[in-house]
Amino acid sequence: MGADLDVGRLRVRLDRAISDVIEPATVARRAPLTTAVWAIEGEPLPFSAVANAEFTPIAPGTPWGPPWSTAWFRVTGRVPREWDDAPVEVDIDLGFEQGWAGFQAEGLVCDPDGVILKGIEPLNTHVRLPSASGREVHLLVEAAANPDILRHETFSPTPLGHPRTAGSTPLYVFTRADLVQRDPVVQDLLDDVRVLRGLIDVLPEDRPRSARVRRALSDMLAALDPRRVAETAAAARVPLAEVLAQPAVASAHTVDAVGHAHIDSAWLWPVRETIRKCARTFSNVLDLMEEDPEFVFACSSAQQYAWIEQHYPQLHERIAARITEGRWIVTGGMWVESDTMMPSGESLVRQFSEGAAYFRDAFGLDAAGAWLPDSFGYSAGMPQIAVAAGARWFLTQKLSWNDTNRMPHHTFWWRGIDGSRIFTHFPPSDTYSAHVTPAELDLAERQFTEHASSSRSLMLFGHGDGGGGPTRRMMAAARRSADLEGLPRVRVVSPDDFFVAAMDEQPDAPEWAGELYLELHRGTLTSQARTKAGNRRNERLLLAAELWCTTAAVRTGREYPLALLRDAWRTVLLLQFHDILPGSAIGWVHEQAEAAHAEVTATLEREIAAALAALVGDGDQELLANASAVEVNEVAAGAVSLATSRTIATGRDTPDGIVLEDDRARVVWDRTGAVRSFVDLASGREVVPAGDSWGTLRLHPDRPARWDAWDVERHYDESVENLGPPASIDVAEGIVTVSWQRGDSSFRQSWSLDDGCLQLRVVVDWEERGLLLKLGLPLDVRSAFFATETQFGHVMRPLAKNTSWDEARFEVCQHRWMHVGEPDFGIAIANDTTYGLAVRSDARAGVDVGISLLRGTEFPDPASDRGHHEFRFAMRAGASIGDAVRLGRSLDAALTPVRGGGAVEPLVTLESATLIRESVTLAHDGSGDVIVRVSESRGGRGRGILSTSFSWTDAALVDLHESPLPSDAAALEGVQITVEPEHRRVTIDDRAFGLLTLRLRR
């Protein structure tokens, strides 16, 4: 029979042979087992409950599993005596759809004593058993009936994202639980054919190599008898052996493949399900390690290890053993793979410090790098924090999702706002869930941008997002592709192996400065506003609680609540995961996040009250505690002082409208409730452009093409509806209140003027769908750039849209403030909870600012953001960057009323025009030392004198883990301190946007 070398025809024949002939024949014997089921009502129950369970027989074809329910399957039987001693496995199919591991039903398989054996999901349904003829089989499977919310990426509104709306109709149909013996020769044939079938898709058809591979595959088909696959499989492999043995060319690229299982700590499932996903995935990994000695696995996120330690201690012990062996690699060093755009600087510090503390305690090691493959962009403040935490390298994958521009580098030095650099790799395979296919390997080689100076890139392989991890078949593909002509070489290694080799090979890699902006998912800066409000509130309260508890411990001897504060931090850090804080999870996740934030708030407020009570003593004086780093309402930073009454400007009616005026500013509202004038009296400058208005509530269409909660479309602002005439306008006690009603939604703005600062509270009861609500603030200024706060500094962004990179940044992230201005006149706008921001040049207005408040998305949460919301803003005209810093921190200040015997002076005072005290805590080692973190806020060299109201013996710079810095540490460049214990002060010289941590030894 002649060889079939027509490529199209050969592909069709191969695909049919794989699916209809070879793959079914990999199972040499199959025998059904007896299966019974116990359906649980409500939340999952532990293994111990199985002992008293009542199991009911279940036959193949029986529906089971209402959404989010759990069922235990009992699988029993005996290996037939006539089977030989070849390895025996159990094959369990709960009703899987192929190809969606981690997004539908999953199972955790245990033996009768509760020892975890393995997880099962689509494409990974086997459970290995010892080979012993006549052996009894008794397995228990904890099966999770998780709904496939992302079913075929339809992105349609679904009730499945919350148990209250998901219904009770079973989602799955039990398919089988069988004993199987596999034919290793047929399986090897299948693995051979899959690799070579993929190879002919990537090889140019006119190349000799392609012709030889096609000839070998055609000869394989000729040698394989579909009626006698087992008998002819060995012969069918013979023509494939020669082409599989041809080595890669000498100049071939090298792909370092790392076993991985990206598991979202919550997304289309709640946290409780993530805990079980970790157990299923990690047990899969351990099983594969027993089976395949070449397999190496890398895993990040201290939170996930902590869950395993708490809920599955035996599994944790097995993981620890593999870590010691060096085949399970702890990577990343953070508490979770968090969002990095919105968390505060101190939050990102704690992501690293809490992650490091766990890994040191649990395994006695430090992770080498920062591992964030899936977060939605990476802030310009990140390199400094990662380097200060000891990270030597950084990995991401998400930028391959850019909708406009491709990143020009795959291996590069990433430079942050303070000049810190971290060696960074961006895998060119464009996925963190590869299967090690020829197509993926070929893509990695073709796309890699540093061929002239580097020969290697990284690939992460394993089922991800919903977990599952690497499989036998992925390892088989990696082995066959290790040194194969037509593909890059493949090594299964650890991330550290790759980064050491890459840094040695390319020490002078190109540099990228500033944020790694993701040109996609811009709506995550706004979605699920209550989750974001809880995050900002608790970030503020955590620092306040640490300050007052430290002060009380030093001053009064009150016990420092280290465990309580650590638990609170770890809860907030978990809720900064990159699908929780960004608002891209199901409604159930966000409901639980809001409840968790509320619980943390209550805990911290109680602790703050108790610490302050210990500090102020008994008495009836009305005091105000200011935990902020700046003076607020005449209360010094970090102090408790007598509360003073403040007078805000009173309103009056004039022919021009409603006017609020003090000695620094004059503001005018017209009869429609719009701000028509805001004049800085010192300069006489008008802020509001002629004929325009401030504070307009704008409604834009918001119907993303695919990723509803994630995306804001590029041209959303081509259409806008401003709220019409207000329902009411009131002026009372210096507050101008304007109210609107739109269908079932209501809007209220309350304006006041305090010491030249225009303050606004926006209250919204929101019932809109498919709309984006923005606060419009057009500015009569001319500028080329605007600034927004980021972690421990700020970022300057161009207003012009000269390039595709500029145009793609149409929605950006701000923290507490933004600033735009001319050389001698600027405007600062502070907020208490929002992140999404659009700033653009406007030929008529000068600069138009649109602050995103709310969205009305319907996937994955059809009810997202419905209900009550409050936002606060403060605007100051004639403001510098320094004014913006102070304004943002003033609005964000944790001011606490307290009644007691008298004032309390600050524990730590920092006298400086530019340096800012970020946090004050007691050392985590129980020594009683005080840890003070300081940053430079303006972007220039900074000097300051840090004084204390307590005695100490020495002060030293330490890292983010409170350990001494080596003398050659990058964090010391441009930093100098002069220590004077006798005067209780430290003089600090810091670099631009520098971050330093002082340890004051008591």
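## Second largest pocket

In this predicted model, the second largest pocket has a volume of about 1,100 Å³, a pocket being an open set of points on a 1 Å grid over the protein atoms alone, with protein on both sides within 12 Å along at least five of seven lines. Of its 39 lining residues (those with an atom within 4 Å of a point), Glu-23, Leu-123, Leu-190, Arg-194 and Arg-473 are the closest to its centre. Helix 2 gives the most to this lining, with 8 residues, helices being DSSP runs of H or I with at least four residues, numbered from the N terminus.

The lining divides into 11 nonpolar, 13 polar and 15 charged residues; Ala, Val, Leu, Ile, Met, Phe, Trp, Tyr, Cys and Pro count as nonpolar, Asp, Glu, Lys and Arg as charged, and the others, Gly among them, as polar.

## Largest cavity

The largest cavity, where a 1.4 Å probe fits but cannot get out, has a volume of about 480 Å³, a volume being the space filled by probe spheres set on the grid points, which are joined across faces, edges and corners. Among its 34 lining residues, Leu-543, Arg-816, Arg-889, Asp-892 and Glu-918 lie nearest the centre, and helix 13 gives the most to the lining, with 6 residues. By class, this lining holds 13 nonpolar, 10 polar and 11 charged residues.

## Basis of the values

Residues are numbered from 1 along each chain as its sequence is written, and side-chain values use heavy atoms, leaving out hydrogens and water. Because the model is predicted, local features need pLDDT of at least 70 and side-chain atom pairs count only at pLDDT 80 or more, whereas totals for chains, interfaces and linings use all residues.

Definitions and conventions:
Helix = DSSP H or I, 4+ residues; strand = E, 2+ residues; numbered from the N terminus.
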